[in-house]
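Student: I would like to go through this model with you and learn where its labels come from. Could we take the terms one at a time?

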Amino acid sequence: MNKINLFIILTILINCYFGINQVNGKFHQELGWKQSLTREFIDPDTPITFRIYIKQQNVEQLKNKVRDVSDPHSSNYGGYLSVDDITSIVSPSQESFKLIENWIGSFYPIEIKYTDNQDCIIITMFKKNVEELMNVKLFKYIHQNGGIILRSPIDPIIPSNLLNHIDLITGISHFPVYKLKNKVNSLSSSSSSSSSEGLQIISIKGTGEFITVQYQPSCAPNCNGKYFPMDVTVTALNQVINNTIVTSNITPTCSVTDGATVCKVFANSFVYQPSQVSITDTVSNQVLTWDHPIVSLPIVLPQTIKQYYGIPNHYQVTHPNATQCVVEFEQQYYSQSDLEQFFNSVGLPTNVSVFVIGYNDESNPGVEASLDIQYLMGVAPNAQTTFWSIYANSSAEIDDILQWAVAISTHPNPPLVNSLSYGMTEGNVDTYLGNGYMARSEIEFAKLAARGLTVVIASGDSGAYDLGGPPMGANGCENARGDWPSNSEYVTAVGSIYFTPYSAPICYDSVASGGVNCQSLPVGEVGVSIDYGTMWTSGGGFSNFTETAYYQKDFVNEYLNKLNELGISPPSNLFNSKGRAYPDFSTVGKNLYVINGGEWLSVDGTSASAPIFAGMITILNDIRLNKGLPQLGFLNPLFYQIARNTPEAFYDVVVGNNRCGLSDSTPVCCEFGYTATTGFDTVSGLGRPDMSILMEIINNY
C-alpha cells in the first residue's frame with residue numbers, strides 16, 4: 001500500500017472517530033492530474049493561500065431588498081444599496097467570527113484578510129500549518145498539460161461545530177479544470193467513419209457567398225504529402241426553385257499536426273439559403289455529405305448591429321458614470337493595438353482607453369477577450385470601459401466567477417454593466433468547484449443586484465442539453481440541463497440569433513406545404529442552431545436547480561401552455577417546467593468580425609451576444625444618467641415589465657430549436673428540444689431589444 005492511500009484511510013478513520021467532517025471535495029481522476037512520482041522535497045514553510053466563505057445572515061432580507069430596488073412599481077426603485085448597507089444585512093454572526101478565528105488563530109496564519117462585507121476570509125499560512133488545520137496532506141500534482149500545483153487529494157476536514165458557519169473552502173482540494181483540446185479525428189460528421197482513417201468532414205464555415213470546408217482527406221492517415229483536388233456541391237434546401245452550385249477541382253491546403261491530417265478548401269455558396277453541402281474526392285470519387293443544413297451569412301460589424309437594432313450610428317456615450325466592463329478568465333488578454341486597429345478599420349472613434357484590473361499580457365491576446373472588448377466598446381463607444389482579468393494558472397483553468405463576484409461586490413466604484421462569456425453545466429458546478437459553490441454564488445449575484453449592477457451572462461453554446469462532456473458540459477439526451485450562471489435569478493442571460501431574411505416558419509416549409517422563397521424579404525433574425533444551419537446551438541431551457549424567477553412566471557406559463565397546445569412540448573420527464581427559464585434576451589452571435597493578434601477572423605458564440613447586449617444597456621444607462629435617473633442595475637424585472645407594456649420594444653424571434661448540441665465537437669441532436677414561438681421562449685427569451693423604442697421610453701421608469 002502506498003503512502004498516499006494509507007494517509008487517506010487513516011484520515012477517514014480519524015474523521016469517523018472524532019466526528020469531524022469533510023467539505024468541498026475537488027479531486028477527480030478524469031481531470032488529468034497525477035501526483036508527482038519524484039520524491040522531491042517540498043518546503044513545509046511554503047506559503048499557501050486559501051479562502052473561507054463564511055455563512056451569511058439575513059439572506060432573505062437581502063433578496064427582498066433586491067426586489068424592492070429593482071421593481072419599477074416600487075417607490076424605492078433605483079434606491080440601490082451601498083457596500084455598508086449590504087454588510088449590515090449579510091455580515092456573519094459574531095459566533096461565526098469567534099469560532100473560525102479561534103480555529104485559524106491557533107495554526108499561526110501569516111496573513112488574514114477579510115473582504116469588506118466581512119463574509120469571506122483570505123488566509124495565507126505555511127503548508128505545514130495548513131495540513132494540521134485542515135487534517136489533510138498537500139502533495140505536488142502535475143497535469144498532462146504541464147500545470148503544477150500543491151493540493152490535497154481529499155477534502156478539508158473541519159470540526160463539526162464549524163459546519164453551520166462555513167459555506168465553502170477553496171484553494172485546498174480544488175483541482176483546476178483544464179479544457180482538453182479537441183482532436184481532429186473527434187470532429188467528424190456523424191455521416192463519417194468513426195475511425196481516424198478516410199474522408200471525414202471536420203467543420204463548415206459560411207461567410208457571405210463562400211464556404212470553407214475543413215476535412216480529413218480520404219488518404220489519411222498515410223497521405224505522404226500528396227493531396228488531391230476536391231469538388232464541393234452546395235444545394236439549397238426547401239426552395240421554390242432548387243439551386244445547386246458546384247465548385248470543381250479545388251486544390252486543398254493541408255497540414256499535419258500530431259499525425260492528424262487536416263485539409264481546407266474554399267467553395268462558392270448561397271447567401272442566407274439553408275443548404276446541403278457535399279464534398280467529393282476527385283481521385284477516389286468518394287462522396288461525403290454533411291448531415292445537417294449549412295447557412296452562409298454575411299460578416300457582421302458594429303455598424304451592422306446598429307443598423308438593424310435601431311442605434312444611431314454616431315451615438316457616443318457621454319456620461320462619465322455610464323461605465324461598462326468585460327470580465328475575463330483563462331488567461332484571456334486583449335491587445336490595445338488590436339483594439340485601436342479595429343476601431344480605425346470599422347470607422348469608429350479612436351478614443352479607446354481601457355482601465356485594466358488584474359493582469360493583462362498585450363503580447364498574447366485571446367480571441368475571447370478581443371471579441372468581448374471590441375464589440376462592447378464598438379456598440380457603446382466612448383463609455384469608460386474596464387477590462388477585469390481574473391488570474392488563472394493556465395489558459396484552460398475553470399472560471400472562478402465567484403472570486404470575481406466577491407471582488408466587485410465591495411469595489412468602491414464598480415463598473416455598472418458587466419459582461420461575462422463563461423459558465424458550465426449547472427449540475428457540474430458543485431462537483432468540480434466545491435459543494436456549496438453555486439448556492440454561495442447566487443447570494444453574491446444578489447449582492448451585485450442590490451448595488452445596482454447589471455450582470456450579463458452568455459447562455460452557452462450547446463443547446464438545451466448543455467452537451468460537451470464534463471467538466472464544462474454533459475453527455476446524453478436523457479434530460480435537459482441548465483447552464484450556470486445563466487440559471488441565476490439575478491443575472492441577465494443572453495442567447496444568440498443570426499441575421500437572415502428566412503425569419504418566418506414558412507421559409508422552411510416544403511413547396512408542397514406552401515413554402516416560399518424568402519430570399520428577398522427584409523432581414524430578420526433566427527435562433528442559432530445546428531438545425532438551422534450553424535455548427536453550434538445557442539443555449540436555453542430550464543434550470544434543474546433554481547426556480548422560475550418571479551418576474552418571468554407569467555411569460556413562462558404562457559410559453560409552456562403554447563408548447564402543449566401546439567403539441568411540441570418535450571416530454572415532462574425531460575425537463576423541469578418549474579425551473580428558471582433562460583435566456584432572457586438574445587442578440588446576434590454569428591460571423592462577428594474580430595481582429596486578434598493583427599489577424600482578422602469571424603467569430604461565433606453567445607460570447608459575442610453578451611457584450612453586444614451589455615453595450616446596449618450602457619447606452620440606456622447613459623440616457624438615464626444624463627437625465628438624473630439611476631442606472632438600470634438588475635434590469636430583468638423592468639425589461640419583463642416593458643415587454644408586458646410595450647411588446648414592440650423587443651423583436652420577436654419565431655424560428656429556432658435548441659435540441660442539438662456539440663459533444664466532443666461533433667453535432668449531436670436529441671429527439672426533443674425547445675422550439676421558438678411567438679412571445680417568450682427558451683430559444684431567444686423575450687427576443688432582441690429594439691433600441692429605437694427603448695431609447696425613447698427608458699426614462700419613463
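Student: How many disulfides does the count come to?

Tutor: The count comes to five disulfides, where a disulfide is a pair of cysteine sulfur atoms within 2.5 Å. Please keep in mind that this is a predicted model, in which local features need pLDDT of at least 70 and side-chain atom pairs count only at pLDDT 80 or more, while totals for chains, interfaces and linings use all residues. Residues are numbered from 1 along each chain as its sequence is written, and side-chain values use heavy atoms, with hydrogens and water left out.

Student: What makes Cys219 and Cys223 a disulfide?

Tutor: Their sulfur atoms lie 2.0 Å from each other, and a pair within 2.5 Å is what the definition asks for, so Cys219 and Cys223 are joined by a disulfide. The torsion about their S-S bond is about 95°, and therefore this disulfide is right-handed.

Student: How do you know that the disulfide of Cys254 and Cys263 is right-handed?

Tutor: The sulfur atoms of Cys254 and Cys263 are 2.0 Å apart and form a disulfide, and the torsion about that S-S bond is about 110°, so the link is right-handed. Cys254 counts as partly exposed because its relative accessibility is 22%, while Cys263, at 1%, counts as buried.

Student: Which parts of the chain does the pair of Cys477 and Cys670 link?

Tutor: Cys477 and Cys670 form a disulfide with their sulfur atoms 2.0 Å apart, and with -75° about the S-S bond this link is left-handed. The pair links distant parts of the chain, since Cys477 sits in the loop between β23 (454-458) and β24 (483-484) and Cys670 in the loop between β34 (666-669) and β35 (688-689), 193 residues apart. Strands here are DSSP runs of E with at least two residues, helices are runs of H or I with at least four, and both are numbered from the N terminus. Cys477 has a relative accessible area of 30% and is partly exposed, but Cys670, with 2%, is buried.

Student: Why is helix α9 called roughly parallel to helix α11?

Tutor: Two packed helices are described by the angle between their axes and the distance between the axes. The axes of α9 (residues 401-409) and α11 (residues 437-450) come within 9 Å and cross at roughly 30°. Angles under 35 degrees count as roughly parallel, over 145 as roughly antiparallel, 65 to 115 as roughly perpendicular and the rest as oblique, so the crossing angle makes α9 roughly parallel to α11.

Note on methods
Axes fitted to C-alpha atoms, helices over the stretch in contact; angles between N-to-C directions. Buried < 20%, exposed > 50% of the residue type's maximum accessible area, 1.4 Å probe, protein only.
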